[in-house]
Amino acid sequence: MAKRAVLIGINYVGTKAELRGCVNDVRRMHVSLVERYGFSDKNIKLLIDTDSSTIKPTGKNIRQALLDLVQPAKPGDVLFVHYSGHGTRLPAETGEDDDTGYDECIVPSDMNLITDDDFRDLVDMAPKDCPITIVSDSCHSGGLIDEAKEQIGESTKKKKKDSGESSRTNKETGVEETESKDITDLGSRSLPIETLIDMLKQETGKDDIEVGKIRTTLFDMFGEDSSPKVQKFMNVILSNLQETTTTGQTSQGDILGSIENLTQEFLEQKINDVVIPAIQEVYAGAISGALPDNGILISGCQTDQTSADASPPGHPEQAYGALTNAIQIILKETNGKISNKDLVLKVRKLLRKQGFEQRPGLYCSDDYVNNQFTC
C-alpha cells in the first residue's frame, strides 16, 4: 500500500490578493503526514509560491501534480491533497441544476482556475478502494468535488436554508473574551469575482473583461493548459461558430467577438436548441450524478461562506488558516486517530468556540463517513 500526497499553499505575495498563512498550513500538514500517518517525504509533493526550490503552484503545475498523484494509484493506496489559498465561485455555465448553483474553484498563483468539475474528473480516475482525501482551506470550498454527497454541511441546494452570501468570517457574539483574544483575524481567503476580473485585466491588458467573459479570457490566456471544462466549453462554442459561419473570410477580431457574444448568450440560457444538447453532453457526467465516489472532501466552509486567514496576536509570521489550525489541534488531541465525521464535527465546534462563523463540511460517499482520517 502506497501513501502519497500533494500539498499546495499559495500566499499570492505582492498581489492585491496576498494572504499570510497558506504556506505555513501546508508545512504543518507535511509534518503531520510524516510523523502521524507514516507518509514518506519522497511521496509528498509540495507546490508553494514563496520557495523557489519547490514547484510553482500554477494551474498547469497543480493539474499535473494531481494527475501524477492519481494515475499510478492502485486499490488500497491512500491519496491525500491539501490546498490552502484563495477560493472563488462562478455562476454554473451548464444551464442545468448544479448541486450548489455555482462552479466552485481554487485559484492557482497564475489565476488559471481549477473547478469543482475538474476535481470530480480527478476523483473518478482513482481506482476502486483507493480513497483520495482533499482538504481545502479556502473560501467557497463546500461542494468542491462536484456531485459529492453532502454528509455534513449546508452547501447543496437540497439542504440549503439560506441562499444569501455570507459575510467574511467575523467573531460571533457571545464568545468568551479570553478565547477571542488569542486570534487576530487577517481577513478571508475569498477572491471576489471583481478582484479576479481586476487581476485578469491587469494580466491581459484588456479593460472589457466581465463575468460573462471570464471563461473565454482564461481560454485565451492559457489555451490547452486551461481547465478541461473550460476547453470543452470553448470547443462547443467554436464548433457552433464554425457551423453557423457562412462567410469565407473572418478577421480574428470578428471571431473573438462572436465567441464572446455566443458565450454571453449561453450563460443567459438563450443559445439555440442545437448548442444546448451539445453542452449537456459535455457535462453529462457531472449532471447525471451517476458517478463513483472515491473522493473525501473536507471543506473550510460552505459554498456561500469564506474561510479565515488568522494568526496569534502580534505574530503575523505564524499565520494560519482557521480550518487547518483547528484540524491540527484536534489531531494532536486524538493522536491522529479520528474518523472523518468526528474530525469535521469537532473542528466545527472548535471554530465556533474560537469565534469564527465558517462551517466546515464533509462530502463523501456513505462508505467513507466513519473511516479514519487519511489512513
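This is a predicted model: local features need pLDDT of at least 70, side-chain atom pairs count only at pLDDT 80 or more; totals for chains, interfaces and linings use all residues.
Q: OK. Where does Tyr 12 lie, then?
A: Tyr 12 is in the loop that runs between strand S1 (3–9) and helix H1 (22–35).

Q: What is its phi?
A: Tyr 12 has a positive phi of about 55°, although this residue is not a glycine.

Q: Is Tyr 12 buried or exposed, and why?
A: The relative accessibility of Tyr 12 is 3%, and buried means under 20%, so Tyr 12 counts as buried.

Q: Which loop holds His 140?
A: His 140 sits in the loop between strand S7 (132–137) and strand S8 (150–152). Its phi is near 60°, a positive value in a residue other than glycine.

Q: And is His 140 buried or exposed?
A: His 140 counts as buried, because its relative accessibility is 5%.

Q: Back to H1. How many residues does it have, and how far does it reach?
A: H1 has 14 residues and spans 20 Å from its first C-alpha to its last. That is close to the 20 Å expected at 1.5 Å a residue.

Q: Which residues in H1 are buried?
A: Cys 22, Val 23, Asp 25, Val 26, Met 29, His 30, Ser 32 and Leu 33 are buried in H1.

Q: New topic: where is His 82?
A: His 82 is in strand S3, which covers residues 78–84. With a relative accessible area of 0%, His 82 is buried.

Q: What is His 82 in contact with, leaving aside neighbours within four places in sequence?
A: His 82 is in contact with Val 6, Leu 7, Ile 8, Asp 25, Val 26, Met 29, Val 135 and Thr 324. Among the buried residues of H1 are Asp 25, Val 26 and Met 29.

Q: Now the whole chain. How many helices and strands?
A: The chain has 12 helices and 13 strands. It has 375 residues, and 53% of them count as buried.

Q: What about contacts between residues 24 or more positions apart?
A: Such pairs account for 75% of the chain's contacts with a separation of 6 or more.

Q: Last one: what does the accessible surface come to?
A: The accessible surface of the chain is about 16,300 Å², and 47% of it belongs to carbon and sulfur atoms.

Notes. Residues are numbered from 1 along each chain as its sequence is written. Side-chain values use heavy atoms; hydrogens and water are left out. Helices (H or I, at least four residues) and strands (E, at least two) are DSSP runs, numbered from the N terminus. Buried means under 20% relative accessible area, exposed over 50%, partly exposed in between (1.4 Å probe, protein chains only). Contact means heavy atoms within 4.5 Å. Accessible areas come from the Shrake-Rupley method with a 1.4 Å probe; for residues, only the protein chains shown count as cover. The expected span of a helix is 1.5 Å times one less than its number of residues.
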